[in-house]
Amino acid sequence: MSDGTNPAEPTTAPVPEPTAAPAAPAPAPDTTKHTALPEKTSPLVEKFTEQERSAVKELVTRLPLIFGEAFKDLKEEPHQLEAVDFWGVPIDPLKGDTEDARVDVILVKFIRARNLDVEAAQKQLIDTLKWRHTFKASETINEKFPSEVFGKLCHNFGKDKDGRPISYNVYGGDQDLKAIFGDLERFLRWRVSMQEEALRLLDFTTVDTLIQVHDYDGLGMSSRDANSKKAAAEATKIFQDYYPETLYRKFFVGVPTIMTWIFWAFKPLVSSATFAKLSVAGRGPETIGKELLPYIDKSQLPQRYGGEAQAF
């Protein structure tokens, strides 16, 4: 009996399922085209020593802590981590390690002022942030001061041979010193406003310091009373504590020989490094010019100080 199959009919072998070809191995990364994110740099940053670079990096990592400490007593909690204006440069504690190289240039000033001691620099920075907020330092540049008192007192004019702005403070002549120094708080706010305005002339990329010229021509022994002494001491302390390393040179001009004590009176008020930046330049355009012209081109220096510029 037949089982229903036809032995003459060939049987079909099962066809195996097709398999995918093995995936080609992933190509090795082309390291020749890989570029690391560049570090913050500028002509001023490039002048940092290795110790300064290391100290600044450490200070940058502490910015959130520094801001939190500086503003811990404020009611506005979010302000602790907001960017603040610092000499015209915004400093953001959360972005300081990835952005603006100018921030590093400002921070290194605190490092240098404290001889590379990061802990001491941190404390000074905290104190400065507190003072700037309490004094409202940035807001002073928009304040109005009586022109009849301060109008002829300060002039930001010209630049030195390396591009540094020059601030002239003219205390001599026909200035009403009793009106200038009589209201201490007003004088300090005006003086800070002039400093803040001058600092905004810096780019903190190629230039980060100022030259100051203090003119005392015409002052007599009776000019320096208790109010002016206190004002000078308070202003000097503010600049020493809260504006470190912003001064390149300061010249005292028009100082009568009998009043050279004005220059020496600054010695106990400032650090030895700052005092080394101070000079007495004598009286008269020719004598003053001999001191200032090595730093300032005659086209940038007012005629009254031995230059050729038509200025105040």
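Modeller: A residue counts as buried when its relative accessible area is under 20%. The model is a predicted one. In it, Arg132 has a relative accessible area of 7%, so Arg132 is buried. Arg132 belongs to helix H4, which covers residues 118-135.

Next, the surroundings of that side chain. Apart from neighbours within four places in sequence, Arg132 is in contact with Asp85, Phe86, Trp87, Ala137, Ser138, Glu196 and Tyr243. With one of these, Glu196, the side chain of Arg132 makes a polar contact of 2.7 Å. With Phe86 the arrangement is a charge over a ring: the charged end of Arg132 sits 5.2 Å from the centre of the Phe86 ring. A charge over a ring also occurs at Tyr248, where Arg164 lies over the face, 3.5 Å from the ring centre.

Phe86, Trp87 and Tyr243, which are among the contacts of Arg132, also belong to a cluster linked by ring pairs.

The structure as a whole holds 22 aromatic pairs. One is formed by Phe157 and Phe312, with ring centres 6.4 Å apart and planes at 85°; planes over 60 degrees apart count as edge-to-face, so this pair is edge-to-face. The pair links distant parts of the chain, since Phe157 is in strand S3 (residues 154-159) and Phe312 is in the segment after helix H11 (285-292), 155 residues apart. Phe157 is partly exposed, at 26% relative accessible area, and Phe312 is partly exposed at 29%.

Strand S6 spans residues 247-253, and six of its seven residues are buried. Strand S5 (residues 210-215) runs parallel to S6 and is joined to it by six bridges. Across that pairing, Ile211 stands opposite Arg249 of S6. S6 also runs parallel to strand S7 (residues 278-282), with four bridges between them. There, Phe251 has Ser279 in S7 as its bridge partner. In a regular strand, side chains alternate between the two faces of the sheet.

Technical notes
Residues numbered from 1 in each chain as written. Predicted model: local features only at pLDDT ≥ 70, side-chain atom pairs only at ≥ 80, totals over all residues. Heavy atoms only, no water. Helix = DSSP H or I, 4+ residues; strand = E, 2+ residues; numbered from the N terminus. Buried < 20%, exposed > 50% of the residue type's maximum accessible area, 1.4 Å probe, protein only. Polar contact = N/O pair within 3.5 Å; in protein donor to acceptor, adjacent residues only side chain to side chain. Contact = heavy atoms within 4.5 Å. Pairing = 2+ DSSP bridges. Phe/Tyr/Trp six-rings, centres within 6.5 Å; stacked < 30°, edge-to-face > 60°. Lys NZ or Arg CZ within 6 Å of the ring centre and 35° of its normal.
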